[in-house]
Amino acid sequence: LLSSDGRKVLRSSIREFLCSEAMFHLGIPTTRAGTCVTSDSKVVRDVFYDGNPKSERCTVVLRIASTFIRFGSFEIFKPTDEYTGRKGPSVNRNDIRIQMLDYVISTFYPEIQEAYSDNSIQRNAAFFKEITKRTARLVAEWQCVGFCHGVLNTDNMSIVGLTIDYGPFGFMDRYDPEHICNGSDNTGRYAYNKQPEICKWNLGKLAEALVPELPLEISELILEEEYDAEFEKHYLQKMRKKLGLIQLELEEDSKLVSELLETMHLTGGDFTNIFYSLSSFSVDSDPSKLEDFLDELTSQCASVEELKVAFKPQMDPRQLSMMLMLAQSNPQLFALIGTKANINKELERIEQFSKLQQLTAADLLSRNKRHWKEWLEKYRVRLQKEIESVSDADAWNTDRVKVMNSNNPKYILRNYIAQNAIEAAENGDFSEVRNVLKLLENPFQEAEGLREVKEDAEEEGATATAAACAQETRSRLPYCSKPPLWASELCVT
């Protein structure tokens, strides 16, 4: 495209700068951000692809990583596709592929290079096995903090297992397994619950791109044997820590986790804050303590207003009835222009929305309390088994809380937090970006010294009046709160 100037803007640069640092401090493998430098040069961007372009400041983010080679780097050798007719720019250049593979393995996987120096097929298989496991662990880490990448194609998958390319990412607020963070992902290809399988699919594409240096029958077997097992193992290990199950590894733990997520889904619970709250759950069955704890948990669930926004029908009713008629009368044409899943989702939304019209806040609260009470009873029974296996229950409880607090962040880069920082920066005030960065550098603790950061920034005279007004109205909530209602209107593409 003639209009593709390759320039990044302030908005997306701040998001990448903050998120790559947030991920690093959460302990998730990632590229890092060194600096973010903006200029007075402007480019025109249509932010939401809706015909309303605006002028934005050009900005450069310095990214840091051991390598930026991706799965897609190996697809430049792809032969002509029989369906699309497309081929890689370096088709038939096996010599370059061998060179690149040698470079990747000897530089970033030296122990593999050393162990199999005399057998390249075995060496390449060991490398593929290792990147399969790293990728499975990486996506398990994403799932455990509610991080959604947004565009998981082969070009956004790192050959060393890092989180790479922060585009339309988002941390999930209200738990929804089908959450889509990318406003332009119409089919939900990269939805939260699809991330593990799409990463596996990308590994399959890498396997194809490594032929003949690694025969497909070897790599496909590795993928089948290793990926799901590694993902499930790592996911469950991490979830046990998040739930403070530090003594025993029981078969039933997997069910406890899925029932927790189901309860979170039913009650519209905030993913980050529900996990964070669980460390203050008391194992003794004092009814008044339980009631206080239920109040805390249900305060992190979606209100009737939030649910109405979430389930608001998205199609014009006339358009929907035309689509339904078309599905009946001409299924072939319907298959071309609309997906059945999208229509079903819309019908579900309409049904939920009409139920919400009758729902009072008191009804919702008692329903949510009932759901949480049921799950907490199961959690208590499981924690009781931990206590029975230790000699000192108090020491165990101290350790449990410590482990939970270092695995359940208090602060994540929610879209509304990023938006506050972006709006201030676009008005010339970068203090909020620094402020948010300070929070994200200590995601598991109370942010001490936060006030000083704000004061320093004000002393610098950096606070532009317009930005200060926008901030004042929007950031009264502490940044560990579940998002305000206006945040549901934010769309990242």
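This is a predicted model: local features need pLDDT of at least 70, side-chain atom pairs count only at pLDDT 80 or more; totals for chains, interfaces and linings use all residues.
## Packing of helix 4 against helix 6

Two packed helices are described by the angle between their axes and the distance between the axes. For helix 4 (residues 120-145) and helix 6 (residues 216-242), the angle is about 30 degrees and the axes lie 8 Å apart. The crossing of helix 4 and helix 6 is right-handed. In the contact of helix 4 with helix 6, 14 residues are nonpolar, 5 are polar and 8 are charged.

## The enclosed cavity

Rolling a probe the size of a water molecule over the atoms shows where empty space is left. The count of cavities of 30 Å³ or more comes to 1. The largest cavity has a volume of about 50 Å³.

The lining of the largest cavity includes Thr135, Leu138 and Trp142, and these three residues fall within the range of helix 4, residues 120-145. Phe71 also lines the largest cavity, together with Leu152, Asn156, Met157, Ser158, Gly161, Leu162 and Ile164. By class, this lining comprises 7 nonpolar and 4 polar residues, with no charged residues.

## The second largest pocket

The second largest pocket holds about 1,100 Å³ of space. Its lining is made by 38 residues, and those nearest the centre of the pocket are Val9, Arg11, Ser12, Tyr49 and Thr493. Two or more lining residues come from each of helix 1, strand 1 (32-45), strand 2 (54-64) and helix 16 (415-426). Which element gives the largest share of this lining? Helix 16 does, with 6 residues.

The lining of the second largest pocket divides into 13 nonpolar, 11 polar and 14 charged residues.

## Helix 1 and helix 16

Both helices contribute to the lining of the second largest pocket. Helix 1 (residues 10-25) has 16 residues and spans 23 Å from its first C-alpha to its last, close to the 22 Å expected at 1.5 Å a residue. Helix 1 is mostly covered, with 12 of its 16 residues buried. Among the buried residues of helix 1 are the charged side chains Arg15, Glu16 and Glu21, as well as Leu10, Ile14, Phe17, Leu18 and Met23. Just after helix 1, Gly27 has a positive phi of about 85 degrees.

Helix 16 has 12 residues, and the distance from its first C-alpha to its last is 16 Å, close to the 16 Å expected at 1.5 Å a residue. Helix 16 is also mostly covered, as 10 of its 12 residues are buried. The buried residues of helix 16 include Asn415, Tyr416, Ile417, Asn420, Ile422 and Glu423. Helix 16 is followed by Gly428, whose phi is positive, near 90 degrees.

## Backbone geometry in loops

Most residues other than glycine have a negative phi, and most peptide bonds are trans. Asn92 has a positive phi of about 70 degrees although it is not a glycine. Asn92 lies in the loop between strand 2 and helix 2 (94-108). Is Asn92 buried or exposed? Asn92 counts as exposed because its relative accessibility is 69%, above the 50% cut-off. Asp165 likewise is not a glycine and has a positive phi of about 70 degrees; the loop that holds Asp165 runs between strand 3 (147-148) and strand 4 (170-171).

The peptide bond from Val211 to Pro212 is cis, with omega near 5 degrees. Pro212 is placed in the loop between helix 5 (195-209) and helix 6.

## Two partly exposed residues

Glu348 lies in helix 13 (residues 340-358). Glu348 counts as partly exposed because its relative accessible area is 48%, between the cut-offs of 20% and 50%. Glu348 and Pro313 are 35 residues apart in sequence, and their C-alpha atoms are 9.1 Å apart in space.

Ser41 is found in strand 1 and is also partly exposed, with a relative accessible area of 36%. Between Ser41 and Ile222 there is a separation of 181 residues in sequence and 49 Å in space, C-alpha to C-alpha.

Conventions: Residues are numbered from 1 along each chain as its sequence is written. Side-chain values use heavy atoms; hydrogens and water are left out. Axes are lines fitted to C-alpha atoms, for helices over the stretch in contact, and angles run from 0 to 180 degrees between N-to-C directions. Helices (H or I, at least four residues) and strands (E, at least two) are DSSP runs, numbered from the N terminus. A crossing is left-handed if the near helix is turned anticlockwise from the far one by less than a right angle, and right-handed if clockwise. On a 1 Å grid over the protein atoms alone, a cavity is a set of points where a 1.4 Å probe fits but cannot get out, and a pocket is an open set with protein on both sides within 12 Å along at least five of seven lines; lining residues have an atom within 4 Å of a point. Grid points are joined across faces, edges and corners, and a volume is the space filled by probe spheres set on the points. The expected span of a helix is 1.5 Å times one less than its number of residues. Buried means under 20% relative accessible area, exposed over 50%, partly exposed in between (1.4 Å probe, protein chains only).
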